[in-house]
Amino acid sequence: NQSEDNNNNNNNNDAPTKSTKADDGKYSMLQFALYNFREAIDKYSLETRLSINNSKQPVQAPHDDWSTLRGSLKLIESLRTRSDASTHNNSSSSQSTISSTKTLTKMVANEHQQQQQQQQQRADSGQQAPSDWTWRELAQMVKYTSTPLKRSLLKLSGGGDQHETSSSSSSQAELERRAIDCFAAIMRYMGDLKPSSETTSHKSSSSKQHQKQQVPDNEVECVYLILINCHNHPQLRDEVYCQLIKQTTNNRSAQPDSCLRGWRLFSLLAAYFDCSARFRPYLLNYLEQNAFDKRRSYHSIALLCLQNLRKTFKCGGRKNVPSIEEIAALSAGRISKRQIYRLPGGTERVINTKSTTVVDDIIHEICSNMLMITQPNEMLEFSLYCIADGDSYTMPLNRDEYILDITTELIKNHQQYFLIFCRSVWHYPLRLDSKFYIEVTFNQIAPDYLEGLFLVMPRQQQQQKQQHNQKRHTGAGHYATSVSSNSSSKGGSSSGAGHHYQSLGLSDKLIREIARLGALLHRASSTDYMPHKDEIKYLLPRPIVASIKQQLKTGGANGARAPRGEQQLLAAASGEQTDQAGDSGQQGMMPDQQTWTTLVQDYWREMSAFDALDAKAQFLDIIRHWPLFGSSFFAIKLIQRDLIQPLDYILALNKFGIQMLDMQTHETHQKYSFNEVISTRKVRSEDGALYLDMKCGNLLKRTIIRIQTDQAHEISRLVRQYIDIELSQASSKQQQQQQSQQSQQPIGGDTESRSSLATNDNQVGGDHMTTPNCD
């Protein structure tokens, strides 16, 4: 992943600094072990109690914390504080200072002489010196061991004090047993422990009962045992991380690949679970030390562990257990899977997908490396969808979802699936400077165009008035037909089989554009011959094809056509000037089949200069100026209080706002800008119907729009996405204005005038956009 690579480069640049800090001992595992490991705490606790019992006049430590290392340190600090206070009170003269110094020196000399005498007496009598604490003994706690643990490394608490998210409290004995089982699974995975149905029984210090330890038979069972225990008992996560650190530090195993397999298991665990806030800096420091020092044998896989852990901190970790194939691949050193992703038009791309790859990584990979998109805000317009067998509707995947979590679950359920990348929001303008960008965008737009979703076709009643007025002034004739309704929108059909179009019409300019688009579509398919009459229906939008079929049914084999209008359209298509006001956008009527065929063939003569890619770019350049271009369409039912039956509409979401379109003509009946959207709320009725309530308006007047649709979640998500983009752009513009104003201000100018100017600028515009509550 490119973002991770950049992050790694930055970390490599900081490697010398991090290694210098590590030499100071800050956040080292030795320091963590000294404060938190059971062995260290028990030893210091024992020494503290012995010193208290043997002392005739013990000094009371603050808070009476005698049973921990912190209590010992507080005791030492208390003694030092008293010594400093005594020295400060007796330092009134230089003579007293010299006397105190001599006294302290004499005390140290006497103490050293007594220690030498005691050692000499032990040597003469043959007694061994008591086991004092040494740094070597401390280092052994965090180094590799070839024997299974008898007790956990950390003192485990059943109350879940390490992780606030613990769902239930476990007894200390249960946690002890599970911690030892996890360590045995780690040793078995690394090859340091042979599988057996019953191994040496271990005794828990808290339960005082012997229990038989079960060792997994294979690596899959080892991984499952560790993951399940860490999932069900979050208190064990720090313990298992410490166990892995111990087994990968100074590994002296007889198995040649023991340490390597330990690091691979480390990378898998880091992809699933985080750690406690207390342990986090120590865990990160350990991984950074091993990852950024290229002299270490396993620096590359340590870097992978660090990447996985950072991704877990950011995205929360994976949720589903890995498949058997994934565990086998990871154990063999294969850290990525060749996953197929489909693009609009059926194009497939294979992208190496790691265990920690999320949806946002795939979107970033395709946008930056294939579409040549570098702006992060523009990448937010693209989404990744998962289409599985049996799903009626598709929802875009969350950007922090793990790809292998999704695919593993689908494979487990024996479902066939496709991961499809496409553009879901159309706020930024099209860029026709990238070949692959043109291909992907064309393949996504062309099907919606052929469905007729971008067409706006006024009804005949309006056209008759315009036709009558136009005849009075120009004498131009038009023709009208009645067509059956066959257009549909995403999410459902627009009308039943018995419904029919009312007489619809198109402007002369739009007719010419449709004919030209038909010729471009024919050229975009890499064909070199002129389209014939039977192929025209594949190059025109679906409502127009339905109109042609209706004409053939009602007007004979050749259809009804008006020669004068046809001549004017053909003249306009050939570039000749006519006295008709078609170029001014006046509405006309629907041509017949022969007219469409002639128009498309006339425009085909210009296509010889274009190749397939140029034809696709020309197609996008024309259609992007249409008012409904870049819209997402949904079939909805608008609920109104004064009507018993809901009204069928097409909901169009685009950068201009929310539009309610007529099912047949696609004329806008209601429109709301995103500035007017206050909040959205999804409601499900008792009968299972899903509704979406949109609260729109301003401070003075508000209204709630209720629509019934099975795609309420997708509509709410798109509304929020458009609003976030507008807020981001508004914020960036405001920052640019402030920077330009500051650069224009003279040095040493009036501060009060600058602040008042900024205040006035913030108040310009009236309506202030706020982030809505889109649940």
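Q: Leaving aside neighbours within four places in sequence, which residues is Ile 707 in contact with?
A: Start with the rule: contact means heavy atoms within 4.5 Å of each other. By that rule, and with neighbours within four places in sequence set aside, Ile 707 is in contact with Ile 636, Lys 637, Leu 638, Leu 651, Met 660, Leu 690, Tyr 691, Leu 692, Met 694 and Ile 715. Keep in mind that this is a predicted model, where local features need pLDDT of at least 70, side-chain atom pairs count only at pLDDT 80 or more, and totals for chains, interfaces and linings use all residues. Residues are numbered from 1 along each chain as its sequence is written, and side-chain values use heavy atoms, with hydrogens and water left out.

Q: Okay, and which residues touch the most other members of the largest nonpolar core?
A: The general idea is that in soluble globular proteins, nonpolar side chains tend to be buried together. A nonpolar core is a set of buried Ala, Val, Leu, Ile, Met, Phe, Trp, Tyr and Cys residues joined through side-chain atoms within 4.5 Å. Buried means under 20% relative accessible area, exposed means over 50%, and partly exposed is in between (1.4 Å probe, protein chains only). Here the largest core has 101 residues, and Ile 514, Trp 596, Phe 619, Trp 626 and Ile 707 touch the most other members. Helix α20 (residues 508-524) gives the most to this core, with 9 residues. Apart from it lies another core, of 64 residues, including Met 29, Met 141, Tyr 286 and Phe 292.

Q: How many helices and strands are there in the protein?
A: Helices (H or I, at least four residues) and strands (E, at least two) are DSSP runs, numbered from the N terminus. The protein has 26 helices and 16 strands. As for the whole chain, 46% of the 775 residues count as buried. Of the contacts between residues at least 6 apart in sequence, 69% join residues at least 24 apart.

Q: Let's zoom in on one helix residue. Is Leu 306 buried or exposed?
A: Leu 306 sits in helix α13 (residues 299-315) and counts as buried, because its relative accessibility is 0%. Beyond its neighbours within four places in sequence, Leu 306 is in contact with Leu 284, Leu 287, Glu 288, Ala 291 and Phe 292.

Q: In which sense do β3 and β4 pair?
A: Strands β3 (residues 336-342) and β4 (residues 348-354) pair in the antiparallel sense over 7 bridges. Lys 337 has Thr 353 in β4 as its bridge partner. There are 5 residues between the strands of this hairpin, where Gly 345 takes a positive phi near 95°.

Q: Now rings. How many aromatic pairs turn up in the whole structure?
A: In general, a pair of aromatic rings is described by the distance of the centres and the angle of the planes. Rings of Phe, Tyr and Trp (its six-membered ring) pair if their centres lie within 6.5 Å; planes under 30 degrees apart count as stacked, over 60 as edge-to-face and the rest as tilted. The whole structure has 16 such pairs. Take Tyr 272 and Phe 273: their ring centres are 6.1 Å apart and their planes are at 45°, so this pair is tilted. Both Tyr 272 and Phe 273 are buried. Elsewhere, Tyr 27, Phe 32, Phe 37, Phe 279 and Tyr 282 form one aromatic cluster.

Q: Last one: how many disulfides does a search of the whole structure find?
A: A disulfide is a covalent bond between the sulfur atoms of two cysteines. The cut-off here is a pair of cysteine sulfur atoms within 2.5 Å. The search finds 0 disulfides. For Cys 275, the nearest cysteine sulfur is that of Cys 242, 9.2 Å away.

Definitions and conventions:
Two strands pair if DSSP finds at least two bridges between them.
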